[in-house]
Amino acid sequence: MLADRYGLQVSTSSQAACDAYALGVDCVLAGVAGWREHLGRTIESDPSFALAHAALARGLFLEADIKAAREATARARELATRASPREQGHVNAIALALEGKPADSFAATRAHLGAWPRDAMVLAPATGVFGLVGFSGRREREGELYELLSGLAPEYGDDWWFRCVHAFAASESGRLDEGWRLIESSMASNPGNAHGAHIKTHVLHEMGEMRRASDFLEGWMPGFDRRGLMHCHLSWHVALTALALGERERAWEAYRSAVHPGGSWGPPLNVATDTVAFLWRSELAGEPRRPDLWREVQDYALRSFPKAGVPFADVHTAVACVATEDFATLDRVVAEIRDRIAAGKYAPGGVVATIAAGFAAYAKQQWDVAIRLFEEALPETVRIGGSRAQRDLVEHTLIAAYLKAGRPEDARRLVERRIDRRPMVEVEGYASA
(Lines give C-alpha, C1' and ligand atoms only; values in the text may rest on other atoms or scores of the structure.)
Protein backbone atom coordinates (compact mmCIF):
# COMPACT_ATOMS: atom_id res chain seq x y z
CA MET A 1 0.00 0.00 0.00
CA LEU A 2 0.99 3.62 -0.50
CA ALA A 3 1.82 5.85 2.49
CA ASP A 4 1.58 9.53 3.43
CA ARG A 5 4.50 11.76 4.41
CA TYR A 6 4.36 10.45 7.97
CA GLY A 7 4.71 6.82 6.88
CA LEU A 8 1.06 5.91 7.46
CA GLN A 9 -0.56 3.66 4.88
CA VAL A 10 -3.43 5.13 2.87
CA SER A 11 -6.32 3.35 1.15
CA THR A 12 -5.70 4.50 -2.38
CA SER A 13 -3.98 2.61 -5.16
CA SER A 14 -3.39 5.80 -7.15
CA GLN A 15 0.13 7.20 -6.87
CA ALA A 16 -1.14 10.48 -8.31
CA ALA A 17 -3.80 10.72 -5.59
CA CYS A 18 -1.29 9.88 -2.88
CA ASP A 19 1.22 12.47 -4.08
CA ALA A 20 -1.38 15.23 -4.44
CA TYR A 21 -2.80 14.36 -1.02
CA ALA A 22 0.61 14.80 0.62
CA LEU A 23 0.98 18.22 -1.00
CA GLY A 24 -2.53 19.25 0.01
CA VAL A 25 -2.02 18.17 3.61
CA ASP A 26 1.25 20.12 3.82
CA CYS A 27 -0.52 23.25 2.55
CA VAL A 28 -3.23 22.87 5.20
CA LEU A 29 -0.62 22.29 7.92
CA ALA A 30 1.44 25.27 6.75
CA GLY A 31 -1.52 27.66 6.35
CA VAL A 32 -0.62 28.50 2.75
CA ALA A 33 -2.62 28.61 -0.48
CA GLY A 34 -2.75 25.59 -2.79
CA TRP A 35 -4.56 23.02 -0.70
CA ARG A 36 -7.78 23.32 -2.71
CA GLU A 37 -5.97 22.58 -5.96
CA HIS A 38 -3.93 19.68 -4.57
CA LEU A 39 -6.86 18.05 -2.81
CA GLY A 40 -9.03 18.64 -5.86
CA ARG A 41 -6.52 16.67 -7.93
CA THR A 42 -6.47 13.98 -5.25
CA ILE A 43 -10.23 13.50 -5.41
CA GLU A 44 -10.21 13.64 -9.19
CA SER A 45 -7.62 10.83 -9.24
CA ASP A 46 -9.46 8.77 -6.62
CA PRO A 47 -12.99 9.97 -5.70
CA SER A 48 -13.29 7.24 -3.05
CA PHE A 49 -10.24 8.34 -1.02
CA ALA A 50 -11.84 9.19 2.35
CA LEU A 51 -8.85 11.01 3.83
CA ALA A 52 -8.80 13.47 0.95
CA HIS A 53 -12.40 14.46 1.70
CA ALA A 54 -11.54 14.81 5.40
CA ALA A 55 -8.56 17.04 4.59
CA LEU A 56 -10.75 19.10 2.27
CA ALA A 57 -13.30 19.46 5.07
CA ARG A 58 -10.59 20.64 7.46
CA GLY A 59 -9.31 23.22 5.00
CA LEU A 60 -12.80 24.52 4.30
CA PHE A 61 -13.54 24.76 8.02
CA LEU A 62 -10.37 26.77 8.64
CA GLU A 63 -11.50 29.22 5.99
CA ALA A 64 -14.95 29.38 7.66
CA ASP A 65 -16.82 27.79 4.74
CA ILE A 66 -18.88 25.78 7.19
CA LYS A 67 -21.59 24.50 4.86
CA ALA A 68 -19.09 23.10 2.36
CA ALA A 69 -16.94 21.74 5.20
CA ARG A 70 -19.85 19.75 6.60
CA GLU A 71 -20.74 18.41 3.16
CA ALA A 72 -17.16 17.20 2.72
CA THR A 73 -17.26 15.74 6.24
CA ALA A 74 -20.39 13.74 5.44
CA ARG A 75 -18.76 12.40 2.29
CA ALA A 76 -15.62 11.45 4.23
CA ARG A 77 -17.70 9.56 6.80
CA GLU A 78 -19.54 7.70 4.07
CA LEU A 79 -16.33 6.63 2.33
CA ALA A 80 -14.50 5.79 5.56
CA THR A 81 -16.78 2.81 6.19
CA ARG A 82 -14.79 1.02 3.49
CA ALA A 83 -11.36 2.23 4.66
CA SER A 84 -8.84 0.88 7.17
CA PRO A 85 -9.39 1.15 10.95
CA ARG A 86 -6.72 3.88 11.11
CA GLU A 87 -8.49 5.92 8.44
CA GLN A 88 -11.88 5.40 10.07
CA GLY A 89 -10.49 6.78 13.34
CA HIS A 90 -8.80 9.63 11.46
CA VAL A 91 -12.05 10.69 9.78
CA ASN A 92 -14.08 10.33 12.97
CA ALA A 93 -11.76 12.51 15.08
CA ILE A 94 -11.72 15.30 12.50
CA ALA A 95 -15.44 15.01 11.71
CA LEU A 96 -16.55 15.32 15.33
CA ALA A 97 -14.89 18.73 15.59
CA LEU A 98 -16.50 19.92 12.37
CA GLU A 99 -19.86 18.64 13.58
CA GLY A 100 -19.69 20.90 16.64
CA LYS A 101 -18.63 18.28 19.21
CA PRO A 102 -15.21 19.51 20.40
CA ALA A 103 -15.08 17.48 23.63
CA ASP A 104 -15.94 14.26 21.79
CA SER A 105 -13.43 15.15 19.09
CA PHE A 106 -10.62 15.65 21.60
CA ALA A 107 -11.42 12.36 23.33
CA ALA A 108 -11.36 10.60 19.94
CA THR A 109 -8.12 12.41 19.07
CA ARG A 110 -6.39 11.24 22.25
CA ALA A 111 -7.51 7.66 21.69
CA HIS A 112 -6.46 7.72 18.03
CA LEU A 113 -3.03 9.17 18.75
CA GLY A 114 -2.45 6.42 21.28
CA ALA A 115 -2.45 3.96 18.38
CA TRP A 116 -1.17 6.21 15.57
CA PRO A 117 0.83 9.04 17.17
CA ARG A 118 2.19 10.29 13.81
CA ASP A 119 -1.24 11.04 12.36
CA ALA A 120 -0.53 14.75 12.04
CA MET A 121 -3.85 15.78 10.52
CA VAL A 122 -5.66 14.29 13.52
CA LEU A 123 -3.30 16.05 15.95
CA ALA A 124 -3.49 19.42 14.16
CA PRO A 125 -7.00 20.46 15.34
CA ALA A 126 -5.86 20.06 18.95
CA THR A 127 -2.90 22.43 18.54
CA GLY A 128 -2.64 26.21 18.53
CA VAL A 129 -4.58 28.77 20.55
CA PHE A 130 -7.82 28.34 18.57
CA GLY A 131 -7.77 24.53 18.70
CA LEU A 132 -9.56 21.88 20.74
CA VAL A 133 -7.33 22.58 23.74
CA GLY A 134 -6.97 26.32 23.17
CA PHE A 135 -10.74 26.83 23.10
CA SER A 136 -11.48 24.31 25.85
CA GLY A 137 -12.13 27.03 28.42
CA ARG A 138 -9.76 25.40 30.90
CA ARG A 139 -7.43 27.57 32.95
CA GLU A 140 -4.67 24.95 32.65
CA ARG A 141 -4.93 24.58 28.88
CA GLU A 142 -1.51 26.10 28.01
CA GLY A 143 0.35 23.56 30.13
CA GLU A 144 -1.91 20.74 28.96
CA LEU A 145 -1.11 21.38 25.31
CA TYR A 146 2.61 21.64 26.01
CA GLU A 147 2.57 18.31 27.84
CA LEU A 148 0.57 16.64 25.06
CA LEU A 149 3.01 17.76 22.39
CA SER A 150 6.11 17.08 24.47
CA GLY A 151 4.94 13.50 24.93
CA LEU A 152 4.60 13.10 21.16
CA ALA A 153 7.87 14.83 20.25
CA PRO A 154 9.96 11.62 19.98
CA GLU A 155 7.52 10.31 17.35
CA TYR A 156 8.00 13.32 15.08
CA GLY A 157 11.73 13.98 15.34
CA ASP A 158 12.71 17.05 13.31
CA ASP A 159 9.45 17.31 11.34
CA TRP A 160 8.96 20.96 10.41
CA TRP A 161 5.23 21.05 11.17
CA PHE A 162 5.46 19.39 14.55
CA ARG A 163 8.34 21.57 15.69
CA CYS A 164 6.34 24.60 14.67
CA VAL A 165 3.28 23.77 16.82
CA HIS A 166 5.49 22.49 19.66
CA ALA A 167 7.33 25.83 19.61
CA PHE A 168 4.05 27.72 20.03
CA ALA A 169 3.01 25.56 22.98
CA ALA A 170 6.43 26.05 24.59
CA SER A 171 6.33 29.82 24.13
CA GLU A 172 2.75 30.20 25.35
CA SER A 173 3.61 28.26 28.52
CA GLY A 174 6.60 30.51 29.24
CA ARG A 175 9.38 28.28 27.85
CA LEU A 176 10.84 30.90 25.54
CA ASP A 177 14.29 29.37 25.03
CA GLU A 178 12.77 26.06 23.99
CA GLY A 179 10.22 27.80 21.80
CA TRP A 180 12.94 29.76 20.01
CA ARG A 181 15.07 26.69 19.38
CA LEU A 182 12.11 24.74 17.99
CA ILE A 183 10.79 27.49 15.72
CA GLU A 184 14.22 28.26 14.30
CA SER A 185 14.62 24.56 13.46
CA SER A 186 11.15 24.44 11.89
CA MET A 187 11.67 27.53 9.74
CA ALA A 188 15.08 26.29 8.59
CA SER A 189 13.36 23.16 7.25
CA ASN A 190 10.41 24.97 5.64
CA PRO A 191 10.94 28.75 5.39
CA GLY A 192 7.64 29.22 3.54
CA ASN A 193 5.53 27.80 6.38
CA ALA A 194 3.07 30.58 7.26
CA HIS A 195 2.20 29.06 10.62
CA GLY A 196 5.91 28.96 11.35
CA ALA A 197 6.29 32.63 10.44
CA HIS A 198 3.37 33.40 12.73
CA ILE A 199 4.81 31.43 15.62
CA LYS A 200 8.28 32.92 15.20
CA THR A 201 6.66 36.34 15.49
CA HIS A 202 4.91 35.27 18.69
CA VAL A 203 8.11 33.97 20.25
CA LEU A 204 9.88 37.23 19.45
CA HIS A 205 6.91 39.15 20.89
CA GLU A 206 7.09 37.19 24.13
CA MET A 207 10.83 37.88 24.29
CA GLY A 208 10.15 41.60 23.90
CA GLU A 209 12.09 41.64 20.62
CA MET A 210 9.72 43.88 18.72
CA ARG A 211 12.33 45.27 16.33
CA ARG A 212 13.45 41.77 15.37
CA ALA A 213 9.82 40.71 14.93
CA SER A 214 9.12 43.70 12.70
CA ASP A 215 12.24 43.16 10.60
CA PHE A 216 11.41 39.48 10.18
CA LEU A 217 7.84 40.16 9.05
CA GLU A 218 8.83 42.95 6.67
CA GLY A 219 11.24 40.53 5.02
CA TRP A 220 8.95 37.49 5.00
CA MET A 221 5.53 38.91 4.08
CA PRO A 222 6.19 40.15 0.51
CA GLY A 223 6.49 36.57 -0.75
CA PHE A 224 3.31 35.38 0.98
CA ASP A 225 0.26 34.80 -1.24
CA ARG A 226 -2.62 36.97 0.01
CA ARG A 227 -4.92 33.97 -0.42
CA GLY A 228 -3.10 32.21 2.40
CA LEU A 229 -5.02 31.50 5.58
CA MET A 230 -2.63 33.52 7.74
CA HIS A 231 -2.26 36.65 5.59
CA CYS A 232 -4.75 38.79 7.51
CA HIS A 233 -3.48 37.77 10.93
CA LEU A 234 0.19 38.14 10.03
CA SER A 235 -0.65 41.60 8.71
CA TRP A 236 -2.13 42.33 12.15
CA HIS A 237 1.22 41.40 13.63
CA VAL A 238 2.91 43.80 11.20
CA ALA A 239 0.58 46.56 12.43
CA LEU A 240 1.03 45.59 16.06
CA THR A 241 4.83 45.56 15.99
CA ALA A 242 4.91 48.87 14.11
CA LEU A 243 2.61 50.41 16.72
CA ALA A 244 4.78 49.12 19.54
CA LEU A 245 7.85 50.64 17.89
CA GLY A 246 6.16 54.01 17.46
CA GLU A 247 5.97 53.63 13.67
CA ARG A 248 2.35 54.68 13.55
CA GLU A 249 2.14 55.49 9.86
CA ARG A 250 3.35 51.97 9.02
CA ALA A 251 0.92 50.49 11.55
CA TRP A 252 -2.07 52.23 9.95
CA GLU A 253 -0.88 51.32 6.45
CA ALA A 254 -0.82 47.63 7.42
CA TYR A 255 -4.23 47.88 9.10
CA ARG A 256 -5.94 49.58 6.17
CA SER A 257 -4.40 47.42 3.47
CA ALA A 258 -4.68 43.98 4.99
CA VAL A 259 -6.49 43.82 8.35
CA HIS A 260 -9.73 45.81 8.36
CA PRO A 261 -12.89 44.23 6.92
CA GLY A 262 -12.49 44.23 3.17
CA GLY A 263 -8.80 45.07 3.31
CA SER A 264 -7.67 41.47 3.08
CA TRP A 265 -9.25 38.06 3.06
CA GLY A 266 -9.32 36.31 6.41
CA PRO A 267 -11.52 33.99 8.48
CA PRO A 268 -14.19 36.00 10.35
CA LEU A 269 -12.74 35.04 13.74
CA ASN A 270 -9.42 36.64 12.83
CA VAL A 271 -10.92 39.73 11.19
CA ALA A 272 -13.45 40.40 13.95
CA THR A 273 -10.87 40.09 16.73
CA ASP A 274 -7.72 41.50 15.11
CA THR A 275 -9.45 44.70 14.03
CA VAL A 276 -10.82 45.39 17.50
CA ALA A 277 -7.49 44.53 19.13
CA PHE A 278 -5.55 46.91 16.91
CA LEU A 279 -7.97 49.84 17.20
CA TRP A 280 -8.12 49.62 21.00
CA ARG A 281 -4.34 49.30 21.30
CA SER A 282 -3.90 52.30 19.02
CA GLU A 283 -5.94 54.37 21.46
CA LEU A 284 -3.95 53.11 24.42
CA ALA A 285 -0.86 54.30 22.54
CA GLY A 286 -2.35 57.77 22.20
CA GLU A 287 -4.09 57.66 18.80
CA PRO A 288 -7.45 59.48 18.55
CA ARG A 289 -10.63 57.46 18.33
CA ARG A 290 -11.85 56.84 14.78
CA PRO A 291 -15.63 56.34 15.07
CA ASP A 292 -16.07 55.35 11.42
CA LEU A 293 -13.55 52.52 11.76
CA TRP A 294 -15.13 51.35 14.99
CA ARG A 295 -18.61 51.27 13.44
CA GLU A 296 -17.25 49.25 10.51
CA VAL A 297 -15.65 46.76 12.91
CA GLN A 298 -18.70 46.48 15.16
CA ASP A 299 -20.97 45.88 12.16
CA TYR A 300 -18.63 43.16 10.91
CA ALA A 301 -18.39 41.46 14.32
CA LEU A 302 -22.15 41.42 14.85
CA ARG A 303 -22.75 40.20 11.32
CA SER A 304 -20.18 37.42 11.66
CA PHE A 305 -21.17 36.44 15.22
CA PRO A 306 -24.82 37.51 15.60
CA LYS A 307 -25.26 35.46 18.77
CA ALA A 308 -22.85 35.09 21.68
CA GLY A 309 -21.24 31.68 21.95
CA VAL A 310 -17.60 31.94 20.80
CA PRO A 311 -15.94 33.44 23.89
CA PHE A 312 -12.89 34.89 22.15
CA ALA A 313 -15.12 36.62 19.60
CA ASP A 314 -17.56 37.69 22.32
CA VAL A 315 -14.82 39.60 24.20
CA HIS A 316 -13.89 41.56 21.11
CA THR A 317 -17.50 42.20 20.11
CA ALA A 318 -18.02 43.63 23.60
CA VAL A 319 -15.03 45.95 23.19
CA ALA A 320 -16.40 47.14 19.83
CA CYS A 321 -19.75 47.90 21.45
CA VAL A 322 -17.98 49.87 24.17
CA ALA A 323 -15.98 51.87 21.63
CA THR A 324 -19.14 52.80 19.70
CA GLU A 325 -20.99 53.49 22.98
CA ASP A 326 -23.62 50.96 21.96
CA PHE A 327 -24.32 49.80 25.49
CA ALA A 328 -27.72 48.38 24.58
CA THR A 329 -26.10 45.85 22.25
CA LEU A 330 -23.42 45.19 24.85
CA ASP A 331 -26.13 44.39 27.41
CA ARG A 332 -27.76 42.01 24.92
CA VAL A 333 -24.47 40.19 24.25
CA VAL A 334 -23.76 39.84 27.98
CA ALA A 335 -27.31 38.57 28.61
CA GLU A 336 -26.81 35.89 25.95
CA ILE A 337 -23.53 34.90 27.59
CA ARG A 338 -25.22 34.56 30.97
CA ASP A 339 -27.98 32.45 29.42
CA ARG A 340 -25.37 30.11 27.94
CA ILE A 341 -23.58 29.91 31.28
CA ALA A 342 -26.84 28.98 33.00
CA ALA A 343 -27.39 26.27 30.37
CA GLY A 344 -23.89 24.88 30.93
CA LYS A 345 -22.87 25.77 27.35
CA TYR A 346 -20.13 28.34 27.96
CA ALA A 347 -16.80 26.78 28.89
CA PRO A 348 -14.98 29.85 30.27
CA GLY A 349 -17.72 30.62 32.78
CA GLY A 350 -18.25 34.24 33.82
CA VAL A 351 -14.88 35.74 32.87
CA VAL A 352 -16.08 37.10 29.50
CA ALA A 353 -18.93 39.01 31.14
CA THR A 354 -16.49 40.38 33.75
CA ILE A 355 -14.08 41.54 31.04
CA ALA A 356 -16.94 43.19 29.13
CA ALA A 357 -18.02 45.03 32.28
CA GLY A 358 -14.43 46.13 32.85
CA PHE A 359 -14.16 47.69 29.41
CA ALA A 360 -17.54 49.37 29.84
CA ALA A 361 -16.42 50.89 33.16
CA TYR A 362 -13.17 52.04 31.57
CA ALA A 363 -15.07 53.78 28.76
CA LYS A 364 -17.23 55.55 31.35
CA GLN A 365 -14.06 56.68 33.19
CA GLN A 366 -15.02 54.65 36.25
CA TRP A 367 -11.39 53.82 36.87
CA ASP A 368 -11.71 52.09 40.24
CA VAL A 369 -14.57 49.93 38.99
CA ALA A 370 -12.62 49.00 35.86
CA ILE A 371 -9.56 48.14 37.95
CA ARG A 372 -11.57 45.89 40.28
CA LEU A 373 -13.16 44.04 37.35
CA PHE A 374 -9.93 43.63 35.39
CA GLU A 375 -8.07 42.44 38.48
CA GLU A 376 -10.80 39.87 39.05
CA ALA A 377 -10.69 38.73 35.42
CA LEU A 378 -6.94 38.66 34.86
CA PRO A 379 -6.16 35.21 36.37
CA GLU A 380 -9.05 33.71 34.37
CA THR A 381 -8.42 35.46 31.05
CA VAL A 382 -6.55 32.43 29.69
CA ARG A 383 -9.92 30.67 29.57
CA ILE A 384 -11.21 32.82 26.69
CA GLY A 385 -8.69 31.26 24.28
CA GLY A 386 -6.27 33.08 22.04
CA SER A 387 -2.59 33.78 22.57
CA ARG A 388 -0.85 35.72 25.29
CA ALA A 389 -0.18 38.50 22.78
CA GLN A 390 -3.92 38.73 22.10
CA ARG A 391 -5.04 38.49 25.72
CA ASP A 392 -2.63 41.30 26.64
CA LEU A 393 -5.44 43.65 25.65
CA VAL A 394 -6.94 43.18 29.11
CA GLU A 395 -3.64 43.63 30.91
CA HIS A 396 -2.70 46.73 28.92
CA THR A 397 -6.08 48.32 29.66
CA LEU A 398 -5.67 47.57 33.36
CA ILE A 399 -2.28 49.32 33.28
CA ALA A 400 -3.91 52.33 31.62
CA ALA A 401 -6.70 52.31 34.25
CA TYR A 402 -4.12 52.29 37.06
CA LEU A 403 -2.44 55.34 35.56
CA LYS A 404 -5.69 57.21 35.03
CA ALA A 405 -6.66 56.45 38.62
CA GLY A 406 -3.38 57.95 39.84
CA ARG A 407 -1.89 54.58 40.80
CA PRO A 408 1.41 54.43 38.84
CA GLU A 409 3.08 52.10 41.32
CA ASP A 410 0.35 49.49 40.80
CA ALA A 411 0.91 49.83 37.06
CA ARG A 412 4.65 49.37 37.49
CA ARG A 413 4.20 46.33 39.74
CA LEU A 414 1.94 44.69 37.15
CA VAL A 415 4.57 45.20 34.47
CA GLU A 416 7.34 43.91 36.73
CA ARG A 417 5.36 40.73 37.47
CA ARG A 418 5.65 39.82 33.79
CA ILE A 419 9.00 38.24 34.52
CA ASP A 420 8.89 35.83 31.60
CA ARG A 421 9.02 38.63 29.02
CA ARG A 422 9.34 42.35 28.73
CA PRO A 423 6.14 44.38 28.21
CA MET A 424 5.21 45.29 24.66
CA VAL A 425 5.21 48.95 25.63
CA GLU A 426 6.91 50.43 28.70
CA VAL A 427 4.59 51.77 31.39
CA GLU A 428 5.35 55.36 30.40
CA GLY A 429 3.92 54.57 26.96
CA TYR A 430 0.45 54.62 28.49
CA ALA A 431 0.77 58.13 29.91
CA SER A 432 -1.46 59.62 27.24
CA ALA A 433 -3.85 56.66 27.00
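This is a predicted model: local features need pLDDT of at least 70, side-chain atom pairs count only at pLDDT 80 or more; totals for chains, interfaces and linings use all residues.
Gly349 lies in the loop between α18 and α19. The protein chain has 22 helices and two strands.

- Gly349 counts as buried because its relative accessibility is 16%, and the cut-off for buried is under 20%.
- Not counting residues up to four places away in sequence, Gly349 touches Ile341 and Arg383.
- Val382 is 33 residues from Gly349 in sequence, and the two C-alpha atoms are 12 Å apart in space.

**The pair α18 and α19**

- Helix α18 covers residues 327-342 and helix α19 covers residues 351-363.
- The two helices pack at an angle of about 165°, and their axes are 10 Å apart.
- Angles over 145 degrees count as roughly antiparallel, and α18 and α19 are therefore roughly antiparallel to each other.
- The crossing of α18 and α19 is left-handed.
- On the α18 side, the contact is made by Phe327, Leu330, Val334, Ile337 and Arg338.
- On the α19 side, the contact is made by Val352, Ala353, Ala356 and Ala360.
- By class, the residues of the contact of α18 with α19 are eight nonpolar, no polar and one charged.

**Glu336 in helix α18**

- Helix α18 also holds Glu336.
- Is Glu336 buried or exposed? Glu336 is buried, because its relative accessible area is 15% and buried means under 20%.
- Leaving aside neighbours within four places in sequence, Glu336 is in contact with Pro306, Lys307 and Ala308.
- Glu336 and Gly309 are 27 residues apart in sequence, while their C-alpha atoms are 8.1 Å apart in space.

**The pair α16 and α17**

- Helix α16 (residues 291-304) packs with helix α17 (residues 311-323) at an angle of about 145°.
- The axes of α16 and α17 are 9 Å apart, and the crossing is left-handed.
- Helix α16 contributes Trp294, Gln298, Ala301 and Leu302 to the contact.
- Helix α17 contributes Thr317, Val319, Ala320, Cys321 and Ala323.
- The contact of α16 with α17 has seven nonpolar residues, two polar residues and no charged residues.

**The pair α20 and α21**

- Helix α20 runs over residues 367-377 and helix α21 over residues 388-404.
- The axes of α20 and α21 come within 9 Å and cross at roughly 145°.
- The crossing of α20 and α21 is left-handed.
- From α20, the contact uses Trp367, Ile371, Phe374 and Glu375.
- From α21, the contact uses Val394, Thr397, Leu398, Ala401, Tyr402 and Lys404.
- The residues of the contact of α20 with α21 divide into seven nonpolar, one polar and two charged.

**Two loop residues with positive phi**

- Glu325 lies in the loop between α17 and α18.
- Although Glu325 is not a glycine, Glu325 has a positive phi of about 60°.
- Glu325 counts as exposed because its relative accessibility is 59%, and exposed means over 50%.
- Gln365 is in the loop between α19 and α20.
- Gln365 is not a glycine but has a positive phi of about 60°.
- Gln365 is exposed, with a relative accessible area of 56%.

**The chain as a whole**

- What radius of gyration does the protein chain have? The value is 22 Å, which agrees with the radius near 22 Å that a compact globule of 433 residues would have.
- Along the principal axes, the C-alpha atoms of the protein chain fill a box of roughly 70 × 45 × 40 Å.
- Of the 433 residues of the protein chain, 59% count as buried.
- Among contacts between residues at least 6 apart in sequence, 64% join residues at least 24 apart.

Note on methods:
Residues are numbered from 1 along each chain as its sequence is written. Side-chain values use heavy atoms; hydrogens and water are left out. Axes are lines fitted to C-alpha atoms, for helices over the stretch in contact, and angles run from 0 to 180 degrees between N-to-C directions. Helices (H or I, at least four residues) and strands (E, at least two) are DSSP runs, numbered from the N terminus. Angles under 35 degrees count as roughly parallel, over 145 as roughly antiparallel, 65 to 115 as roughly perpendicular and the rest as oblique. A crossing is left-handed if the near helix is turned anticlockwise from the far one by less than a right angle, and right-handed if clockwise. Contact means heavy atoms within 4.5 Å. Ala, Val, Leu, Ile, Met, Phe, Trp, Tyr, Cys and Pro count as nonpolar, Asp, Glu, Lys and Arg as charged, and the others, Gly among them, as polar. The radius of gyration is taken over C-alpha atoms; the globule rule is 2.2 Å times the number of residues to the power 0.38. Buried means under 20% relative accessible area, exposed over 50%, partly exposed in between (1.4 Å probe, protein chains only).
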